Amino acid sequence: MVTGIKMVMQPVATAGVWRRFAMTLEMIKFEHSVFALPFALTGAALSWRASGYPVQGMAWKLLWIVVAMVGARSAAMAFNRVLDAGIDARNPRTSTRHIPAGLLSPRFAWAFIAASAALLILAAGMLNPLCLKLSPLALAVVMFYSWTKRFTSFSHLVLGFSLGIAPAAAWIAVSGRLDLPILWLTAAVTFWTAGFDIIYSCQDFDFDSRTGLFSIPAKLGIGRALVVARLLHVAMAVCLAALAVTLEMGQLAWYGIGVTVLLLAWEHRLVKAGDMSRVNAAFFTMNGWISMLFFAFWAADVLTGQGGY
């Protein structure tokens, strides 16, 4: 009889763990890994072309790059949710998130953070010694963002840099070294992310202003904040052009830059100072397309051998 009870309790307990795990993935918006991952894969493709890394080994490299990206982002997002749980509970827009709503415990979230960080370190070790040495620094960078809104309006740029290191990390993962040209892509992703994060944070203008949290919209107002976002996205386009020139990319890469600029222009048409109703479309849909199409064009350029770097 006791054995039967144990057999019933074990599947129930296991189901509970998996349910909380699924809710954790929902909490960290796991599907939004699409924002940075294509740029990381672009960095890997560019490094492969520049370093002459054997084609036979690239599949495993790409697999561990994806695992490292998932681990780093998951740890950073879960850490952000734990650290901001009190703030989220006071904000009507975020009060239904899993931790403030009581759907997930901070203890479980911490366990998920530890597991995600371990996954990053494991993947880094499988890539090369330099990646392993730099993995604690990468974790520190992506987690540092969660504190910044408490003391600086430049938090958007810190978030941008957290995503911007992804292509540089992927370059290191393939070649085993950091070369200066890839830093143009790091800068581009930094400016891109900071720009769309400013747009997204316009939704919290009233709450941030009232509670003393730092953001560009709270500091400058929504209208001026949107201008700053546009300027950051112009800076992104300049950095992408500089990267294309430095690496002597071919025509397809330039088409990718053109598509990126057009989508960014459309993104800014969706959001106006007096109308935030389409922020989600601008933030989620447009930026997902930007990252995926940019990677598609640049990967095609690399694979067809159009460039000359």
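Predicted model: local features only at pLDDT ≥ 70, side-chain atom pairs only at ≥ 80, totals over all residues.
Residues are numbered from 1 along each chain as its sequence is written, and side-chain values use heavy atoms, with hydrogens and water left out.

**Salt bridges**

Let's begin with charged pairs. A salt bridge here is a side-chain nitrogen of Lys or Arg within 4 Å of a carboxyl oxygen of Asp or Glu. Searching the whole structure turns up five salt bridges. The table lists some of them.

| Arg150 | Asp84 | 3.0 Å |

Helices, by the way, are DSSP runs (H or I, at least four residues), numbered from the N terminus.

Arg150 and Asp84 also form a salt bridge. Arg150 is in the loop between H6 and H7 and Asp84 is in the loop between helix H3 (58-83) and helix H4 (85-90), so this pair ties together parts that are 66 residues apart in sequence.

How covered up are these residues? We call a residue buried under 20% relative accessible area, exposed over 50%, and partly exposed in between (1.4 Å probe, protein chains only). Asp84 is buried at 14%, and Arg150 is partly exposed at 32%. As for the remaining pair in the table, Asp88 is buried at 5% and Arg97 is partly exposed at 22%.

Which residues does His156 touch? Contact means heavy atoms within 4.5 Å. Leaving aside neighbours within four places in sequence, His156 is in contact with Ala194, Asp197, Ile198, Ser201, Ser215, Ile216 and Pro217. You'll find His156 in helix H7 (residues 155-175), and it is buried, at 3% relative accessible area.

Phe108 sits in helix H5 (residues 106-127) and is buried too, at 15%. Not counting residues up to four places away in sequence, Phe108 touches Val17, Arg20, Phe21 and Thr24. Phe108 and Val17 are 91 residues apart along the chain, yet their C-alpha atoms are separated by 9.3 Å.

**Out on the surface**

Now for the patches. They are made of residues with over 30% relative accessible area and no salt bridge, joining like charges within 9 Å, or nonpolar side chains (Val, Leu, Ile, Met, Phe, Trp, Tyr) within 5 Å. Phe144, Trp147, Phe151 and Phe214 make a nonpolar surface patch of about 400 Å². One of these, Phe144, is in helix H6 (residues 129-148) and is partly exposed at 39%.

A positive surface patch comes from Arg230, Arg269, Lys272 and Arg278. Arg269 lies in helix H12 (residues 251-270) and is exposed, at 56% relative accessible area.

Finally, look at Glu248, in the loop between helix H11 (222-246) and H12. Its phi is near 55°, a positive value in a residue other than glycine. Glu248 is partly exposed, with a relative accessible area of 45%.

Notes: Areas by Shrake-Rupley, 256 points an atom, 1.4 Å probe, with all protein chains shown as cover. Lys, Arg positive; Asp, Glu negative; His and termini not counted. Charge placed at Lys NZ, Arg CZ, Asp CG, Glu CD. Helix = DSSP H or I, 4+ residues; strand = E, 2+ residues; numbered from the N terminus.
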